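Let's take a walk through this protein together. Have the picture ready and follow along as we go.

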Amino acid sequence: MHAKNSASTETDRYDVAILGSGMAGGMLGAVLARNGVKTLILDAGTHPRFAVGESTIPYTSGMARLIAKRYDVPELKALSNYKGTIEEVSPNCGQKQNFGFVYHREGQPQNPQEINQLVVPVDLRTETHLFRQDVDAHLFHVALTYGADARLATRVTEIDIDPEQGAVLRTEHGEEFRASYVVDGSGFRSPLAEKFDLRETPTRARTHSRCLFTHMIGVKPFDDSPTARQHDQPSPWHHGTLHHVFDGGWLWVIPFDNHAAARNPLCSVGLTLDPRKYPKGDTPPEQEFRDFLARFPEIAWQFEGAKEVRPWVSTGRLQYSAKTVVGDRYCLTSHAAGFIDALYSRGLANTLELVNALGWRLIAASRDGDWSKERFAHVEALHQGLFDFHDDLVYSSFVGFGHYELWNAVNRTWMLGTMSGNMMVEDAYYRFSETGDPEVFLDAERSGNPGSPLPISESFVRMGKLTRELCEAVEAGTVEPGAAAARIHEYIQKEVDFIAHADKFGLPENRCFNMTRERMDAAEEWSRTQAPPEIGTRMINAARGMALAKEAETGTGSRDY
């Protein structure tokens, strides 16, 4: 756990120094150390510690399993499903069987027809509510197990980088460390972003939001409320991540106590607001939250008697971005480079995406000495693409929050993206499992549209652009919300060619979607007989990959695909 002071020799030099020991730093450190890269992790804080970003999506879980196999770090596989997470990582995590959205209008009763839900197919997996202090500490310890060196409670105050030689990092205590390459996974206060003036000012993000959040005890399941008794969603709200959405923002409810084996009574709660509609003033966040509940009594029911167990955090505008993330001998990972919003839980997915793209490049560089900026060019394109894709989606959603009919349409584009992105990951996992050929991943990198969940489909890419442009027109007052919603629904019904049931997805009345066994069988048939060839092949491979994964996790499953 110790490194020597400034009298350094070549034996003290690291291949890679990682700033930050959170999810990005811990997972990347484990990947590198497991593959023989001399790795140092530096962090100004210690473990355990509070962190948000607690809800997985199928893309995140699939990527965890893929990274575990690609880089031979089996400990990461547990994070690919709820059962493995609570048994092998932390019993303090919760389950996530659905993504739920309940729409509210201030001063009006909640309309039971204004709900949306996407159910995670239980036949394939159950997602997880991650208790981050346990999960981050676990990943950090896996990195140590494989031989990474680390220094916690060690703040880096100065970094000098020589493009030919590497980096010298100095700490507030006068210690000095040398590395051939630096990965900054430290978050918003990135030392490298500050040193090299990498922040875009102002950010290019279209989204505007701020947030106040905490962990609470005593939050009641919304299913028991008088409001929810009128709902017809296929899965209980309490079994997943619940989003209360309204004009100008959304509120997350992420329970950790929603399964039979639960040991953690806490619930993550966060209120996200557009500061142009809800400016941040001097009101303490706990009072601002109570004031918000007073305006939405049907949401307030869920928090009657609930108490925060840690101080509220209240942020300014959440969005920040970087002009570049890759430089000579350094790279910024997801949250050091930029952030949009917690909506749709893309932050963790983007983090794992970048760990996967960085891992093999750093391993190769440690072996052949080529740390050139050109080697990491795809990482630059990938991050910027991930940032812009998420910004378009969240921006469109915030515009949609002002008009349920538009939100009902925009929500479909997210559903289609999250399912299609998962298909890409599972296809890659299956093909790599069958062949062991890393060209599987290079093929994906060469497909164009970096950052898109479905880069191989121009129909998908056009859908996102169309949705964002329509929402810009709605915000500008040149298109009515109903007309924009109708055009999105029409596009999905008539022009989407990358997923089965597109005609049903495009019907406004189909507010909830549950991928039952019958629908999965129908999707398989569509993949074989009607899908564009490349899409069909990948969907069949994805189904095979998920079936293999389920079989390995439970000892059961089907090999019929």
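## A closed space inside

Which residues lie nearest the centre of the second largest cavity? They are Tyr59, Met63, Glu353, Ala444 and Glu445, out of 29 residues that line this cavity. Before going on, a quick note: this is a predicted model, where local features need pLDDT of at least 70 and side-chain atom pairs count only at pLDDT 80 or more, while totals for chains, interfaces and linings use all residues. Residues are numbered from 1 along each chain as its sequence is written, and side-chain values use heavy atoms, with hydrogens and water left out.

What's a cavity? On a 1 Å grid over the protein atoms alone, a cavity is a set of points where a 1.4 Å probe fits but cannot get out, and its lining residues have an atom within 4 Å of a point. The structure holds 7 cavities of 30 Å³ or more. The elements that give two or more residues to its lining are helix 2 (58-70), helix 9, helix 10 (377-400), helix 11 (404-435) and helix 12 (439-445). Helices here are DSSP runs (H or I, at least four residues), strands are too (E, at least two), and both are numbered from the N terminus.

Helix 11 gives the most to this lining, with 5 residues. By class, the lining of the second largest cavity splits into 15 nonpolar, 7 polar and 7 charged residues. In this scheme Ala, Val, Leu, Ile, Met, Phe, Trp, Tyr, Cys and Pro count as nonpolar, Asp, Glu, Lys and Arg as charged, and the others, Gly among them, as polar.

Helix 9 covers residues 346-368, which makes 23 residues. From its first C-alpha to its last, helix 9 reaches 34 Å, close to the expected 33 Å; the expected span is 1.5 Å times one less than the number of residues. Helix 9 also bends by about 25 degrees at Leu358, the bend being the angle between axes fitted to the seven residues ending there and the seven starting there.

What sits on either side of helix 9? Ser345 lies in the loop between helix 8 (334-337) and helix 9, and its phi is near 55 degrees, a positive value in a residue other than glycine. Ser345 counts as buried because its relative accessibility is 13%. After helix 9 comes Gly369, with a positive phi near 80 degrees.

Helix 10 has 24 residues that should span 34 Å, so the 35 Å between its end C-alpha atoms agrees. Helix 10 is mostly covered too, with 21 of its 24 residues buried.

## An open pocket

Now for the second largest pocket, which holds about 350 Å³. A pocket is an open set of grid points with protein on both sides within 12 Å along at least five of seven lines. Its lining has 18 residues, and Phe389, Asp392, Ser452, Val461 and Gly464 lie nearest its centre. Helix 10 and helix 13 each supply at least two lining residues, and helix 13 gives the most, with 7. By class, this lining has 6 nonpolar, 8 polar and 4 charged residues.

## Two residues up close

Leu470 is found in helix 13 (residues 458-476). Is Leu470 buried or exposed? It's buried, because its relative accessible area is 12%. Leaving aside neighbours within four places in sequence, Leu470 is in contact with Ala484, Arg487 and Ile488, where contact means heavy atoms within 4.5 Å.

Asn411 lies in helix 11. Asn411 counts as buried because its relative accessibility is 0%. Not counting residues up to four places away in sequence, Asn411 touches Phe101 and Asn116.

The peptide bond from His47 to Pro48 is cis, with omega near 0 degrees. Pro48 is in the loop between strand 2 (39-42) and helix 2. Thr201 and Pro202 are also joined by a cis peptide bond, with omega about -5 degrees.

Pro202 lies in the loop between helix 5 (191-195) and strand 11 (210-217). Asp197 lies in the loop between helix 5 and strand 11, and its phi is near 50 degrees, a positive value in a residue other than glycine.

Methods: Points joined across faces, edges and corners; volume = space filled by probe spheres on them. Buried < 20%, exposed > 50% of the residue type's maximum accessible area, 1.4 Å probe, protein only.
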